[in-house]
Amino acid sequence: MIVILPDEVSLPAFDACLVLADQLARAGHDVALDEASAPAPLPRRQLYEAAPFLADLSGQTITRVIVLGPGPISPDIATCLRGYRLAPDARITLTGRFPDTQTRIASIASLAYATGREPQLLAADPPGSPPLLPAARAPFSAPPGRLRDHTGRRDLMIFCPAEHLADPDFNLGLRQLSLRPDLRLRPVVWGPAADPLALAALGPCQPQDLADLPPSAVARHCDIAVVCATPADPDRLGGVLMACLGAGRTVIDATPGHALAASGAPVLRGPADLALLLPYLDQTILPNLGEIARFIARAPWLAGRSGATLAEDLALPEPAPPAAATDPVALFLPTNGVGIGHAQRCCLIGREMAATTRVEFAAFPSCLPLIRRHGFAATALVPRSPDHAQPYANDILNYLRLKRALRPGDCFVFDGGHVFHSVQRLLQECDLRSVWIRRGLWQPAPDLTRALARGRFFDRTIVPLEAFDELNEPPTFGGDHHNVGPIVAGAPGPTDRLRDRLRATFGHEVRVLVVSMLGGGAAADRSAHLQAIAGLCERRPGCLHLVVTWPGATLAPALTSWRNTRAVHTTDALSLMAVADVVVSAAGYNSFHEILYHRIPTLFVPQMAPFMDDQTRRARAAAGRGLARMVGENDLMMLTRELTALLDGGGIADLRTNLRTWDLPPTGNRAAARLIEDRQE
Amino acid sequence: MSRPTAPDLAAPATIAWLIEPRFPGGTSFAVAAEWRALRGLARPAIHAFRSRMFGTAPDTPALAEALRDMNLALQDVGGPIGADLVILHNPAFLKFETAPLPPILCRDLVVVTHENFLRPGGAPGFDVAGCLDRLDRATLAARKWLAPVSAINRASLRDWCARHPAPAWRIAPEDWFNICDLPRRPPPERPADRRGRLSRPGAEKFPALDQLDLCFPAHAGANLILGADSLIAARISRPHWQLLPFGALSPARFFDRIDFHVHFTAPTWQESFGRVIAEALAAGRVVLTDPATASGFGPGVIGCAPHEVDAIIAGLIAAPDRYGQMVLDGQAWLDRLSPEAFRARFLRQFPPPGRIAA
């Protein structure tokens, strides 16, 4: 195990350790960061990146320690070192860029005092070769990367302080770049949060924070890096640029005074004015990307900074051999908490995948029974809990579980509206093919554009369409977007004599069967609606009212006092709906389309919440075509009136007739599966 | 900047001290004692160079007190320093300086090297070359001396000079020892297993924790660690240890509460002298320390390893007479570090002008 320590407990010093840890771990080394060396509280961004490395080292025998200068170690770090059980032949290396001889000597001495042995000193840069960023702490290596084929869109990353975005000219320059169809613009910023108006102006081209960018993974998402300035603590930017250079990516130095180029690094001096960047790209860079990559590969400056050289200089032990290659897996991650609609959709798609494709899931506990019933293996994820120290603690744990579960080349399929931070990081760090399944019908929201902008992390987006055209978004241009027909469950399970079985199970006559599926959970409390339906059914002899929920959902205890009402927790709601006389349902994507495609008479009660889809529009589209009835979510009087009309006024028969004759578009289950598999071939 | 006046050979010799008046510990005590010891030999001038090393720290009280006693003024360095002899104590204070030093014009420049130039193993103790180079460039002198404070210090200088040829500098033939004019107290009649250590809290002053455990075990009657600031900050403690920050007790009260001063440092650092060891001896206490440090003292200071401490202490508790005799012999040895001895040694190396002329 290689322990990396900063010279002091501070965020910049710890971030530099993270950058070095990332470099070494990518090369296969077993790296650890002492949690006692991390500043507390560690910001969320660093916490994700540090999580795989953070360790409690008490009681462990340590053989390798690397300490990053450029100053003498602080008392906190000395305490860490004094607490280590160092092996007799433990090797301690000090590296960094020391401002003067005395600081270097004092740094060496401070380590010698704390450990009782002399450290080895490693210069952060090869002799006579100036550093790319003199203020950086860590030595940088240029990990070899694959050259990209330059036939498609080029990823253009622009690095700048967040405050640059508020400059109207700079902002306009970014917007102009974002409109180029042959470029995919990715601004990367640092420093205090950007002005909200400036961010809004950028539309879908939202910037990413530099702290969210794992350096060694960046080359997969970058063809051209433009550096407009350098941060005060530049280790992360240094790691990013070295990763780019190692993979032959073009780095344009647009800093004032061309500070990067002055180091002798193979970077190109570019215009500091963003308005001039486009012609520079068009005339100088884009036609010559291949030649630039060859120029970089030949650069003597880079030759002394290879990953192998760093490992040799640090005298690192041989890294563990990489794990044996396995067949790629399609790993689905549905995002549900209480409900399991996303999991249901993923299972339906997974069942359409070719037999040769290994399909696995990572899902929250409420979804696991359903997924396993479909025959898929599933890794359990951890749901949020108010008992956790931070609201995102579960996401960090899930990040670690997913990181362990995924292998290079796997296909990662995410189904959900909110792309978790863990998912964003995984998509950047791991060599994956990625698909985002996101249904449409979003409600208007101020940050909708930014939410949808997370699609940039995915290779492909699949949008399951709604059954009715007016509910679908207009076609999206650019990017790898695909619309498929509605994802709908096939035939329900065996329904023969199901009503007889219900009669036997509940010891209740079933002359009329009413099924309620109103959702609930985090979105809304439906107790009053259920009580109203239960009260109506109670007055009808021979009527059985089933309140159907997903396993794990909670129901108001008062429902148990009704004689004609029973609660059913099941993952097979479709079978119950199929034998019902009438269904009272929310208008979520899955249940809505199951109801339509299986021609089930329904009274919709849309469930609306700011973070949900627009169920009112969906219900209204069906009701307007005479395929269902609907009442507003708060209209209890109308609910009982409409339900009575359906049961007593012949409304059910009318709905059945209309449903039987209405043409619905073909389902998209198989098309979605093919789109996912295409990426695996 | 005024031009220095030429030396007047008919006048009494002049000695100028160029000091950093904020050095804590042994350096400042030695300087103050030196002024008193050389009183009347020459016309003294004291120049204060407040270096970047100590930032805004106040002057050390021991120096201020000596200046007051001797009716001397402390002059801030503002221009050239001229004297027959210029004495600079501990050049390490120049290690963070970047600006040129004021010109120094003298017959002899003596740089008293209170800190070892090399650490055990040969790594530099500080930027010696940088400090000496700054002094060398600033000084016009017939002779430039490096004056070690002890045999250990001398060896360190020799090793350093062997690796970094410095032809401008000569190593003084005799040690410029730290004057220890300390009040003597008798040894305890029946020493008990009461152990302690007193040092500044720096990391270099402490051995590894397992070694500290050997020095201060649970079965000892008392384990008093004064200067334990870093242990306290790191929440390292033992039920049988009493940890006190530096300065929480006066040295006299500290020595009242122990019978054995157990003084080990990080193995990667070496005391150049160890004033606290002399203080313990003068207070009538036996000292146990590493053999190299012990070699700079006489009886009463036992060189050993931490794992040998228990047996040595047990042996001396069983033989209180031997303990007492060791202390008395050690105190007699301390006479070698008296002001009189220093004055005599100084005059051997730097005789008055008349004798020089002869």
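Across the interface of chain A and chain B, 6 residue pairs are found in polar contact, with both partners at pLDDT 80 or more. The pLDDT threshold applies because the structure is a predicted model, and everything that follows is computed from that model. On the side of chain A that touches chain B, the elements that give two or more residues are helix H3 (75-83) and helix H4 (101-115) of chain A. Helix H4 of chain A gives the most to this side, with 7 residues. Sorted by class, the side of chain A that touches chain B consists of 5 nonpolar, 4 polar and 3 charged residues.

The extent of the interface can be described in terms of residues and of area. In residues, 12 of chain A are in contact with 20 of chain B. In terms of area, about 1,300 Å² is buried between chain A and chain B, and carbon and sulfur atoms give 60% of it. On the side of chain A, the three residues A:Arg82, A:Gln102 and A:Tyr113 supply 51% of the area that this chain buries against chain B, which is more than any other three residues supply.

Side chains of opposite charge can pair when their charged atoms come close. Between chain A and chain B the rule finds 1 salt bridge. In a salt bridge of this kind, the side chains of B:Arg119 and A:Glu118 meet with a distance of 2.4 Å from N to O.

What does the salt bridge between A:Asp209 and A:Arg45 tie together? The closest N and O atoms of A:Asp209 and A:Arg45 are 3.5 Å apart. Because A:Asp209 lies in strand E9 (residues 208-209) of chain A and A:Arg45 lies in helix H2 (residues 44-50) of chain A, the pair ties together parts that are 164 residues apart in sequence. A:Asp209 has a relative accessible area of 18% and is therefore buried, whereas A:Arg45, with a relative accessible area of 34%, is partly exposed. Both residues also belong to a network of salt bridges that links A:Asp15, A:Arg45, A:Glu49, A:Asp209, A:Asp212, A:Arg236, A:Lys403, A:Arg425 and A:Glu429.

Another salt bridge in chain A is formed by A:Asp282 and A:Arg180, whose closest N and O atoms are 2.8 Å apart. This pair links distant parts of the chain, 102 residues apart, since A:Asp282 is in helix H8 (residues 277-285) of chain A and A:Arg180 is in the loop between helix H5 (168-178) and strand E8 (183-190) of chain A.

A:Arg438 forms a salt bridge with A:Glu473, with the closest N and O atoms 3.7 Å apart. A:Arg438 is in the loop between strand E17 (433-437) and helix H16 (448-453) of chain A, and A:Glu473 is in the loop between strand E18 (460-464) and strand E19 (481-484) of chain A, so that distant parts of the chain, 35 residues apart, are linked. With a relative accessible area of 6%, A:Arg438 is buried, whereas A:Glu473 is partly exposed, with a relative accessible area of 31%.

Of the 681 residues of chain A, 57% count as buried. Among the contacts in chain A with a separation of 6 or more, 73% are accounted for by residues 24 or more positions apart.

Chain B contains 13 helices and 13 strands, and the C-alpha atoms of chain B fill a box of roughly 65 × 40 × 40 Å, taken along the principal axes. How does the radius of gyration of chain B stand against that of a compact globule with 358 residues? A compact globule with this number of residues would have a radius of gyration near 21 Å, and chain B has 21 Å, which agrees. Of the 358 residues of chain B, 54% count as buried, and residues 24 or more positions apart account for 75% of the contacts in chain B with a separation of 6 or more.

Conventions
Residues are numbered from 1 along each chain as its sequence is written. Chains are lettered from A and ligands numbered from 1 in the order in which they are written. This is a predicted model: local features need pLDDT of at least 70, side-chain atom pairs count only at pLDDT 80 or more; totals for chains, interfaces and linings use all residues. Side-chain values use heavy atoms; hydrogens and water are left out. Contact means heavy atoms within 4.5 Å. Buried area is the accessible area (1.4 Å probe) that two parts lose on being put together, summed over both. A salt bridge is a side-chain nitrogen of Lys or Arg within 4 Å of a carboxyl oxygen of Asp or Glu. A polar contact is a pair of N or O atoms within 3.5 Å; within protein, one must be able to donate a hydrogen and the other to accept it, and residues adjacent in sequence count only if both atoms are side-chain atoms. Helices (H or I, at least four residues) and strands (E, at least two) are DSSP runs, numbered from the N terminus. Ala, Val, Leu, Ile, Met, Phe, Trp, Tyr, Cys and Pro count as nonpolar, Asp, Glu, Lys and Arg as charged, and the others, Gly among them, as polar. The radius of gyration is taken over C-alpha atoms; the globule rule is 2.2 Å times the number of residues to the power 0.38. Buried means under 20% relative accessible area, exposed over 50%, partly exposed in between (1.4 Å probe, protein chains only).
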